[in-house]
Amino acid sequence: MLSITLGPLAFPVAPLLLIAAVWGASWLASRLAGRDHADAAANAVGLAAFAGLLAARLAHVALNLSAYAPTPWSMLDVRDGGWHVPAGFAAGTAWLAWRALRRPALRRPVALAAFGGGVAWAAATAALGGGALREQPPLPALALVDHASGAPVELAQATAGRPAVVNLWATWCPPCREEMPMLAAAQRRESGVTFLFVNQGESASAIRAYLVDQDLDLSNVLLDAAKQLGPLVGSRGLPTTLFYDARGRLVDAHLGVLNAAALESRLRTLRAGAR
């Protein structure tokens, strides 16, 4: 599952689970530490999470610096989902170890709370299908309609046996409209990657009017009139962008607007897998 919906709003699952795990670990640390050390234990866990997130972001930016160089301000846009998990884990663990060395009374409660929070996060992620990306589920078997010709087309067939970027979008969705020119430019530029724009629930005439109004020359616009693809991949929110390798296996996914740096870092992964 990539997202959960609350009324008209959709939220990515991963950050919500992380926030809940950190809050739970902080609470547990404060309870285990006793009245005299409760605040220090809770703060240690919270600051470890902050240190881990900061290190994970900095490491990701450093590894993809050339992608961020044209728009340096996008380094601050954490909505792009760019994190280097090993660096974050190492930084958070190092912070907890340092605090435990300085405050022996915190060692047991902080260690138990961190372990408990980690187990809870892993269990919740697995229960909600967060481990699906590691299992690389295949491209869903789904018949859509080609916008240009009106002919039926299988989603897997439309990828043409190449790495694929599958974007779920709608003309009424502001984040979709924000990222569309960048995705259109990438489609023209990336000859080795298939870009599929799967519209969710709108008519061909509405899509045509939008493309003309925005002067967008898109190829591979597909109609999903029944809005089936979102639920099949675990996301009812828009935009959702899926990244498949040449064998049709999901290697990454993102809910929300993509910036150019985030797209480029994921395209590098697809290019590397296609060699």
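## Strand pairing

In this predicted model, strand β3 (residues 143-146) pairs with strand β7 (residues 221-224) in the antiparallel sense, over 2 bridges. Within this pairing, Asp 146 stands opposite Leu 222 in β7.

Strand β3 is also joined to strand β4 (residues 152-154) by 3 bridges, and these two strands run antiparallel. Val 145 has Pro 152 of β4 as its bridge partner. Together β3 and β4 form a hairpin, with 5 residues between them. In the turn of this hairpin, Gly 150 has a positive phi of about 80 degrees.

## Helix α5

Helix α5 covers residues 107-127, which makes 21 residues. At 1.5 Å a residue the helix should span 30 Å, and its end C-alpha atoms are 30 Å apart, so the two values agree.

The buried residues in α5 are Pro 109, Val 110, Ala 113, Gly 117 and Thr 125. Seen down the axis of α5, the buried residues fall within an arc of 115 degrees, and therefore they line one face of the helix. An α-helix has 3.6 residues a turn, so residues three or four places apart point the same way. On the other side of α5, the exposed residues are Arg 108, Phe 115, Ala 126 and Ala 127.

## The second largest pocket

The second largest pocket holds about 190 Å³ of space. Its lining consists of Trp 172, Gln 200, Lys 227, Gly 230, Pro 231, Ser 235, Arg 236, Gly 237 and Leu 238. Sorted by class, the lining of this pocket has 3 nonpolar, 4 polar and 2 charged residues.

Terms used:
Residues numbered from 1 in each chain as written. Predicted model: local features only at pLDDT ≥ 70, side-chain atom pairs only at ≥ 80, totals over all residues. Heavy atoms only, no water. 1 Å grid on protein atoms, 1.4 Å probe; cavity = no way out; pocket = protein on both sides within 12 Å on 5 of 7 lines; lining within 4 Å. Points joined across faces, edges and corners; volume = space filled by probe spheres on them. Nonpolar A, V, L, I, M, F, W, Y, C, P; charged D, E, K, R; others polar. Pairing = 2+ DSSP bridges. Helix = DSSP H or I, 4+ residues; strand = E, 2+ residues; numbered from the N terminus. Expected span 1.5 Å × (residues − 1). Buried < 20%, exposed > 50% of the residue type's maximum accessible area, 1.4 Å probe, protein only. Arc of directions from axis to C-beta.
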